[in-house]
Amino acid sequence: MEPLARVEALLGSRPGKVIAVHLNYPSRAAQRGRTPDQPSYFLKPSTSLSPSGESIERPYGCELLAFEGEIALIIGARARRVHPDAAWAAVESLTAGNDFGVYDLRWADKGSNVRSKGGDGFTPIGPALIPADQVDPRSLRVRTWVNDELVQEGTTADLLFPFEQLIADLSQLMTLEPGDVILTGTPAGSTVVQPADVVEVEVDTEGWSTGRLVTPVVAGAVPFASFGAGPVVDDAQRAEAWGSAEAAGVSAPLVEGSRSDRLETSPESAPVSTGSTTGGTLSPELREKLASVGTATLSAQLRKRGLNTVSIDGVTPTRPGQHMIGLARTLRFIPAREDLSQQFGAGFTAQKRAFDSLNAGDVLVVEARGERGTGTVGDLLALRAQVRGAAGIVTDGGVRDFAVVSELDIPVFHAGAHPAVLGRRHVPWETDVTVACGGTAVQPGDVIVGDADGVIVIPPSLVEEVVDDAIEQERQERFIGQQIEAGASVDGLYPMNQDWLAKYREWTP
């Protein structure tokens with residue numbers, strides 16, 4: 001029987017909405033560093049429900065899967081705009097629940113928790129139900145064990161928001177229906193678990209127990225595809241997932257309020273890709289074709305198609321003769337402002353995330369607003385890009401440690417050298433968004449080609465036809481060059497009239 005069908009058999013009806021409370025236990029609020037005045041919620045899909053004994057898969061490439069032992073309320077009667085005094089009557093039963101989440105995916109949620117907490121099996125409940133009309137909602141206890149070690153314990157005696165208040169509050173805006181599940185918050189002690197760990201949760205009160213809800217943790221084997229947000233972590237997320245910076249082994253403190261506890265719109269939540277965002281790569285054959293023609297020819301072909309603003313102007317390579325071909329990844333800086341620099345200019349910044357996530361064939365294109373009065377890349381980040389297999393770096397700003405960067409194999413196109421650090425003029429802001437670099441727009445996945453003439457941007461949808469026509473154009477220009485060397489006039493030859501075209505067709509191998 002499928003996991004969701006087993007949950008349906010447990011509840012006696014098809015599961016409905018799954019609503020979770022952010023903070024409700026004083027111990028958890030103290031751990032998070034804030035105590036809310038009113039309850040707040042998020043939704044989880046019913047497909048996240050699973051029964052006791054079903055394993056949870058930590059997604060491939062993720063490291064921060066954390067449990068949250070909770071009391072789950074099962075709604076048994078339709079409730080709309082009920083008063084707190086009558087709210088408990090809408091609850092048919094309660095059971096143990098576990099609100100699992102993957103902190104590696106929180107950056108892309110912006111408060112929704114869809115990716116970080118909505119996965120299949122991320123909400124185990126069971127194994128037995130306790131009738132709601134047989135217990136006092138203020139006398140319940142929830143406990144969690146990891147590998148038989150007690151790690152969480154809390155009671156409902158001192159909740160920030162009693163269960164009746166949650167039901168009444170929710171019913172002000174939405175109809176609660178039979179089969180709906182409300183997760184009521186977790187006490188302190190939530191932390192990270194690993195594959196092979198076993199997490200157990202039990203809810204009990206005098207004379208009643210749910211028994212232990214058992215969830216083994218297993219490792220996922222399927223990587224995330226490049227067409228969606230992949231895992232991204234930093235020290236702040238590690239500290240939140242583990243419960244403290246000390247437990248995580250990092251120096252970053254817990255931020256005030258979990259990102260899942262509030263709508264996050266800072267640049268830390270901006271999209272960060274773990275690979276080229278197009279979901280594809282340049283084939284070896286296409287790379288070979290692009291390498292056989294110059295940017296001047298490619299630019300001419302783009303101009304024939306009405307694309308004139310496709311050159312990244314004002315940049316030169318660190319070493320003469322460097323050639324660069326790859327798919328664009330992007331990084332944007334904003335002008336330095338002291339408060340923003342302090343908040344976003346240290347730690348695992350957008351700049352460091354961008355360089356640290358480059359893959360083979362990526363070209364990192366940096367928007368620095370043409371500001372050459374500071375470095376935007378130095379020797380260590382350029383080395384990191386090279387080690388990751390990136391195809392190049394383009395910045396319309398400055399380069400620090402110029403002599404060392406010039407000795408690296410990775411092509412770096414830049415607007416000049418400068419010794420100053422980034423914070424003098426810039427704040428690292430966001431990655432993998434459309435940027436303006438050297439007077440042109442660059443989108444993640446654009447094809448970037450650079451040589452001695454400069455750097456151009458080719459829309460992916462045009463690259464095949466553009467490069468084929470560029471190869472033909474350069475073949476014609478070789479023929480024209482041979483005729484000029486032989487003494488022919490350029491009149492009628494460049495461009496070729498019908499007579500010369502006929503001779504060209506005879507010449508073409």
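Mentor: A residue is called buried when its relative accessible area is under 20%, exposed when that area is over 50%, and partly exposed in between, with a 1.4 Å probe and protein chains only. The model is predicted, so local features need pLDDT of at least 70, side-chain atom pairs count only at pLDDT 80 or more, and totals for chains, interfaces and linings use all residues. Residues are numbered from 1 along each chain as its sequence is written, and side-chain values use heavy atoms, with hydrogens and water left out.

Most residues other than glycine have a negative phi, and most peptide bonds are trans. Ala196 is not a glycine, yet its phi is positive, near 90°. Ala196 is exposed, at a relative accessible area of 66%. Its place is the loop between strand E13 (192-193) and strand E14 (198-205). Helices (H or I, at least four residues) and strands (E, at least two) are DSSP runs, numbered from the N terminus.

Asn113 also has a positive phi, of about 65°, without being a glycine. Asn113 sits in the loop between strand E8 (101-102) and helix H4 (114-117). With 2% relative accessibility, Asn113 is buried.

Then come the peptide bonds. The bond from Gly126 to Pro127 is cis, with omega near 0°. Pro127 belongs to strand E9, which covers residues 123-131. The bond from Tyr494 to Pro495 is also cis, and its omega is near 0°. Pro495 lies in the loop that runs between helix H14 (463-485) and helix H15 (498-507).
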